Amino acid sequence: MESTNQLLSLSTLVALVLLAALSTPAQDTQGPMAPPPKFEVKRISAEPHPGPPPIPEAEIIKRFAANEVIMQKQYDAYNFTQMIRVEELTDPGGKFTVTGEVYSRPNGERFLRVTKQPESTLKITAFALEDVKTIATLPLFVLTTDEIANYKFTYAGQDKLDQINTYVFQVKPKQLSRTRRLFDGVIWVDDQDFVIVKSFGKFVSEIAGNGTKLPFTMFETFRENFQDKYWLPTYTRSDDYLQDADNAEQHLRLVIRATDFKLNVSPAQAPSLPPPSLRSAAPPNNPPSPR
């Protein structure tokens, strides 16, 4: 657990430093949560100036974008179980948990069908089921070949997630939109397979807010490897704060965990896409492992 916390401190610190100029102050399985990481303060420029990567930046972007097309196609081919939990990390504390099945409607939209009644021990805040279900409809941070033209990518150096060497990029929209939310943050790209294995950022548009009643703004998403081919997003967490009636800050954490992936295509089509074989776990208590 100690090595894992050190890993989280390093990778999350990198993301926070890179996003210093982009954002304002703002996983896992059931059971007790680990305490928030303790960050070591370092004075580093918010604008990265690393040396060039070993291969051209444009080539890295082109290759991970092509793999994002494949990833999204595979992700859309599955239904899965999703657990959403909101935790109060300030004494006395409590949590709100709901579990359901996420599936695709005929129009392609994702929907959460609740399969287990929500459980709540919240003592400071109050969230309804509809508030939390909205999280299931938030768009993925998918940077496909068609999408990358909407963004500016800034190479920020290399980082190691467990045993995976990655290229790190800042990602900013070239222009905001009123009709859709875009990604503003940081991505980690595997330096061998050229796939995104982690992202840390926020939803942005010309309309303020994140599209929900929840206070969370910055989302850290880990991906897991299926069939030794596809890195699917399975674990997201976010920490934020609310002010109570006494103007005291209340620490909240959101955890979203996807498990039990099942094909949503007909049996006749199933042989072309075998059931997933999970290679490695991605949450903070089990970060991406070596290939």
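Phe96 is placed in strand E2, where helices (H or I, at least four residues) and strands (E, at least two) are DSSP runs numbered from the N terminus. At 5% relative accessibility Phe96 counts as buried, and by buried I mean under 20% relative accessible area, with exposed meaning over 50% and partly exposed in between, using a 1.4 Å probe and protein chains only. Before I go on, please keep in mind that this is a predicted model, in which local features need pLDDT of at least 70 and side-chain atom pairs count only at pLDDT 80 or more, while totals for chains, interfaces and linings use all residues. Residues are numbered from 1 along each chain as its sequence is written, and side-chain values use heavy atoms, with hydrogens and water left out.

Back to Phe96, then. Which residues does Phe96 touch, not counting residues up to four places away in sequence? With contact taken as heavy atoms within 4.5 Å, and with that exclusion, Phe96 touches Ile84, Arg85, Val86, Pro118, Glu119, Ser120, Leu122, Phe127, Ala128, Leu129 and Val132. The C-alpha atoms of Phe96 and Thr121 are separated by 6.3 Å, although these two residues are 25 apart along the chain.

Eight of the 11 residues of E2 are buried, so E2 is largely enclosed by the rest of the structure. Strands E1 and E2 run antiparallel and are joined by nine bridges, and E2 in turn runs antiparallel to strand E3, residues 110-120, through eight bridges; two strands are said to pair if DSSP finds at least two bridges between them.

Pro92 lies in the loop between strand E1 (78-88) and strand E2 (94-104), and the peptide bond that joins Asp91 to Pro92 is cis, with omega at about 10°. The hairpin of E1 and E2 has five residues between the strands, and in it Gly93 takes a positive phi near 75°.

Asp162, in the loop between strand E4 (151-161) and strand E5 (164-173), has a phi near 55°, a positive value in a residue other than glycine. Phe194, in the loop between strand E6 (182-190) and strand E7 (196-204), likewise has a positive phi, near 55°, and is a residue other than glycine. Are these residues buried or exposed, or in between? Asp162 counts as partly exposed, at 30% relative accessibility, whereas Phe194 is buried, with a relative accessible area of 6%.

A pair of aromatic rings is described by the distance of the centres and the angle of the planes. Here the rings of Phe, Tyr and Trp (its six-membered ring) pair if their centres lie within 6.5 Å, and planes under 30 degrees apart count as stacked, over 60 as edge-to-face and the rest as tilted. By this rule the count comes to 15 aromatic pairs. One of them is the stacked pair of Tyr167 and Phe194, at 6.4 Å centre to centre and with 25° between the planes. Because Tyr167 lies in strand E5 and Phe194 in the loop between E6 and E7, this pair ties together parts that are 27 residues apart in sequence. Tyr167 is itself buried, with a relative accessible area of 4%. Both residues belong to one aromatic cluster, which is formed by Phe64, Tyr151, Phe153, Tyr155, Tyr167, Phe169 and Phe194.
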